[in-house]
Amino acid sequence: MRIDLHGGFGEKGRTCVGVSAAGLRLLFDAGIKVGATGREYYPAIEGPANAFDALFLTHAHEDHVGALSWLLAAGFSGTIFMTAETLEEAPGTLRAYADPAEVRAHPIPRGRVELFRPGDTLRVGAVTIRTGRSGHVAGGTWFLVEADGSCLGYAGDVLPDSDVFVMDAIPPCDLLLLDASYGADPISPTERSRAVSEWIARHPGTSLLPTPLHGRSLELIALIKGPFAIEASMRGALEGQIAAGTMLHAQATRALSQRLAAAQQWREGEPLPDCPLLADDGMGFAGPSATLLPRYAEAGLPIVLTGHLPSGTIGQRLHDEGRADWIRLPTHPTLGGNLRIWDEAGRPPVLGHSCVADQLVQLASHVPTLRPDFRTGQSLTLSHGAIL
Ligand SMILES: [Zn+2]
């Protein structure tokens, strides 16, 4: 089994992994890299895109799906495996982050989409792909690829300790591609959630909470104790995620439904709400937050950012200028969570994805089988469980 690291290794963004096994060429995720320009915005795939037989998507965030139109424009003609939630969300992500001409010319080819539920086992030729719930977003999944006597675990984006979403343990494997987004951050999600919750309690009036439409929004809503508002276009997507049945903890489903039903709705042109306002995306690159962030900042109104801030985004600039607060609300594993995932997977050799080089080195000091030297563009071979 050959594994090609097409994106997301030694960097955050454009996550994409190629697997060649049993005579097939498979791709796992096809993301873009916010903050990069030109060719570096897309996965580092060499050679023709029609050489790939199938694409498997973990979820519809831009760093995992944003290069789909680009891949289709380059001639990818294989089957696309994804969950119904990912299919629902991907067009919106592509509209926000992909080349508009490519999105128009190459919409998602529904006839080539194979839907599955996390927990299903997929088979393509002699390759078996097991799946499980990721805990990161509704409809999010991880993949376990078995072929040629070797087994590769690809975490995609996961969250093992969410109060909202459920994550299934990744089974033992020979090599694990771990979600290293937060490096070796030791602060637990409980502690971070408390800090975000306290910030919101200190700013009960007009304030802005930029957030991705999928995943973290529900984690935020679960933390808000008082009245809050949502940007009106978010409601359908939020209701859809809450309705995603077994993807969420049962208790969270009930509480979130009640809170969302009570949320005010705010539309462009109306006075700003006198309470915290949730608006997507989380960094001001696309969506209503791209105009709301400068508007709140110019009025000197409180803003709290809670996720990744790529360089060049409005969120990153306002934070650097001291005009927006930042408290990480974990939607990826912190150190304790990754140690647990690694343990449950049988402590295999590990590569970390979605993480810059120096933070990978820090994580490697806690996960002794982690190899922090692998970068986008490199390949490795798994042969009967051994890395060559
Ligand atoms: Zn994600």
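I count two strands as paired if DSSP finds at least two bridges between them. The model I am reading is predicted.

**Entry 1, the sheet.** I looked up the strand order and found six strands in an open sheet, running S8-S9-S10-S11-S12-S19. The pairing is mixed. I noted the edges next: strand S8 (121-124) and strand S19 (350-353) each pair on one side only. From one strand to the next, the twist averages 20°.

I then took strand S10 (residues 141-147) and strand S11 (residues 150-154). They run antiparallel, and five bridges join them. For a reference point in this pair I wrote down leucine 144, which stands opposite glycine 153 in S11.

Which strands does helix H11 lie across? I found that H11 (residues 335-344) lies across strand S12 (175-179) and S19. Its direction is about 160° to S12. S19 is also one of the edge strands from my first entry.

I looked up how helix H6 (residues 216-223) packs with helix H8 (residues 250-262). The angle is about 85° and the axes are 10 Å apart. Angles of 65 to 115 degrees count as roughly perpendicular, so H6 is roughly perpendicular to H8. On the H6 side I listed Leu218, Ile221, Ala222 and Leu223 as making the contact. On the H8 side I listed Leu256, Arg259 and Leu260. Sorted by class, the contact of H6 with H8 has six nonpolar residues, no polar ones and one charged residue.

Methods. Residues are numbered from 1 along each chain as its sequence is written. This is a predicted model: local features need pLDDT of at least 70, side-chain atom pairs count only at pLDDT 80 or more; totals for chains, interfaces and linings use all residues. Side-chain values use heavy atoms; hydrogens and water are left out. Helices (H or I, at least four residues) and strands (E, at least two) are DSSP runs, numbered from the N terminus. Axes are lines fitted to C-alpha atoms, for helices over the stretch in contact, and angles run from 0 to 180 degrees between N-to-C directions. Contact means heavy atoms within 4.5 Å. Angles under 35 degrees count as roughly parallel, over 145 as roughly antiparallel, 65 to 115 as roughly perpendicular and the rest as oblique. Ala, Val, Leu, Ile, Met, Phe, Trp, Tyr, Cys and Pro count as nonpolar, Asp, Glu, Lys and Arg as charged, and the others, Gly among them, as polar.
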